[in-house]
Structures are given as C-alpha cells and as structure tokens.
Amino acid sequence: MSMGSCSAKYLLILLNAFFLVVSLVLIAVGSLMQVSFHEYAQVFRDSVSVPAVLIISLGLLICMTSIFGLVIVVKERYILLSVYSCVLVILIIAEILIGLVGLTLKSYVRQIVVHTMQVAERKYNESISAAYTWNTIQNNLHCCGILNYTEWLPYLNNSVPNSCCISYKYNCGTNAVEANNVHATGCDKALFHWLYEHQIVIGALCAAFVLLKILTLMLARCYDRYLVEFTNQPSLNPFKSSIWQ
C-alpha cells in the first residue's frame, strides 16, 4: 500500500470515527430535549418536539453512515466504497439545502416562536411548566414579556413575574412597575438578538462540518481508485470493467 493510499485510509477512519462521536452527541442532545421538555410540549406544542425528533433523526443517519464507512474502509471493498461515496454526496447536498432553508425561513420560525410564547404567557397562572419556562427565559435573557412588560399586567393583576425584576427579591414583581424595577426589553427581541450574535459561530460550525464531509468524499474517491488499480477489484465504470476487455 502506497503512502498516499495509507494516509487516505487512516484519515477516513479518523473522520468517520469523529462523525460517529458527533452523531452520538446529536442523539443524546435530541433525547435530552425530548425528556427534559416533555412537560413543555403541552405548552410549546411541536416547537420543542419536532426539532428534537429532527436532531435525533439526523444523528441516527450520520451514525449509520459513519459505521457503514468504517466497515467499508476496513474491509477494503471498492463497490461498497462507491456506494458510500454516493451516500456522502446525498448527505452533503441535503445539509446544504437544510442550511439554505433555515436562512430563508427565519421570519417564519420567528412567528412560530412568538405564537408559542403567547400561548405560554396566557397559561402562566395555570401551568407550572409554562411559569417555569417563562421565568427561565426572563432570568437568562434579562427581558420581560414578548414585546414588553405590559403584556403581563392583564394576566397578573397589574403586576409582573418576579423574573422580570432588575433587582430580584421575594415578591418584587408586585410593585416592580411603580418602582421602575422591571426589564424594559421584550424577550422576542432579546432572544433573536442572542441568535443573531451567535449565528456567525453556528454558521461557521455548520460550514466546517460540511467541509469535513466534502474532505471525506474526496478521500473516499481517492481510496477507491487505489483499490481498483492495485487490488484487482472490478470497477463500476463500464469502460474500465473487465467484462469489456
């Protein structure tokens, strides 16, 4: 085995092992979302469950592809390696399309998030999970309400949740408005401002993942050429196949 083909083989093993670890992380994150936010699904409907299922599905797909790739590289079967390359092409195209769709549907996603937040807002006094979710959001993002704190006044008898207070103390929400002790920023603006600040990092990570997939594809094509030329395995190219010779 030449130095180049040997390097390609071991790089393929490393990359597939890396993708396998990533897939297991995705499955774990998706499962954790399903378990941790099971109660919240009653409030947020499909806004939590659908992304969790998609993350688990993507993780399973990457996991199966990675295991398939590892087995093929170790077994050194050209035909299966060509099938693996085709699967990689499909995955790369799908990941790029998902990224483009995500960019074009940002406003639609924002409408869905706002709607689910409105549902949870109305259930604040009725549902422990709704109250917990809102308090967590408002504490972490230092915001109050969807657009502003006035949305809480009809639901909480002219007061706001304690999590809206700038300086927190027990039952501070009762007179937070009069004491000017309430966050003025709405959570819709705060949440999407956070996403905007981190979208470059998220985009860079997604781009790096796709580039690694492309590198894996190039290595797979390089390695399958070696298998055809130096191991006497049949080529899938009809003009190079032995049946035509």
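**Asking how we know**

Guide: Let's start with a bond: a disulfide joins Cys144 to Cys164, at 2.1 Å from S to S. Keep in mind that this is a predicted model.

Visitor: Why is the pair Cys144 and Cys164 called a disulfide?

Guide: Two cysteine sulfur atoms count as a disulfide when they lie within 2.5 Å. The sulfurs of Cys144 and Cys164 are 2.1 Å apart, so the pair qualifies. A disulfide is a covalent bond between the sulfur atoms of two cysteines.

Visitor: Is this disulfide of Cys144 and Cys164 right-handed or left-handed, and why?

Guide: The torsion about its S-S bond is about 85°, so the link of Cys144 and Cys164 is right-handed. The pair ties distant parts of the chain together: Cys144 and Cys164 both sit in the loop between α6 and α7, 20 residues apart. Both cysteines are buried.

Visitor: How many disulfides does that rule give?

Guide: The count is 3 disulfides. Another one joins Cys143 to Cys187, with an S to S distance of 2.0 Å. Cys143 lies in the loop between α6 (128–141) and α7 (187–230), while Cys187 belongs to helix α7; these distant parts of the chain are 44 residues apart. This link is right-handed, with 90° about the S-S bond, and Cys143 and Cys187 are both buried.

Visitor: What makes Cys165 and Cys172 a disulfide too?

Guide: Their S to S distance is 2.2 Å, and the limit is 2.5 Å, so Cys165 and Cys172 also meet the rule. The link is right-handed, at 115° about the S-S bond. Cys165 and Cys172 are buried as well. If you number the bonded cysteines in sequence order, the pairing reads 1-6, 2-3, 4-5.

Visitor: How do you know whether Cys63 is buried or exposed?

Guide: Buried means under 20% relative accessible area. Cys63 has 13% relative accessibility, so Cys63 counts as buried.

Visitor: Which residues form a nonpolar patch on the surface?

Guide: Val89, Ile93, Ile96, Leu97 and Leu100 do, with about 420 Å² of accessible area together. Patch members need over 30% relative accessible area. Ile93 has 46%, so Ile93 passes that cut-off; it is found in helix α4 (residues 78–104).

Visitor: How many helices and strands does the protein have?

Guide: There are 7 helices and 0 strands. From the N terminus on, the elements run α-α-α-α-α-α-α.

Visitor: Which residues does UniProt list as "transmembrane region"?

Guide: The unreviewed UniProt entry lists residues 12–32, 52–74, 81–105 and 200–220. In the model, residues 12–32 are 100% helix and 0% strand, with end C-alpha atoms 30 Å apart. Residues 200–220 are also 100% helix and 0% strand, and their end C-alpha atoms lie 30 Å apart.

Methods
Residues are numbered from 1 along each chain as its sequence is written. This is a predicted model: local features need pLDDT of at least 70, side-chain atom pairs count only at pLDDT 80 or more; totals for chains, interfaces and linings use all residues. Side-chain values use heavy atoms; hydrogens and water are left out. Helices (H or I, at least four residues) and strands (E, at least two) are DSSP runs, numbered from the N terminus. Buried means under 20% relative accessible area, exposed over 50%, partly exposed in between (1.4 Å probe, protein chains only). Patches are made of residues with over 30% relative accessible area and no salt bridge: like charges are joined within 9 Å, nonpolar side chains (Val, Leu, Ile, Met, Phe, Trp, Tyr) within 5 Å. Accessible areas come from the Shrake-Rupley method with a 1.4 Å probe; for residues, only the protein chains shown count as cover. A salt bridge is a side-chain nitrogen of Lys or Arg within 4 Å of a carboxyl oxygen of Asp or Glu. UniProt positions are given in the numbering used here, feature names are shortened, and annotations may be inferred rather than shown by experiment.
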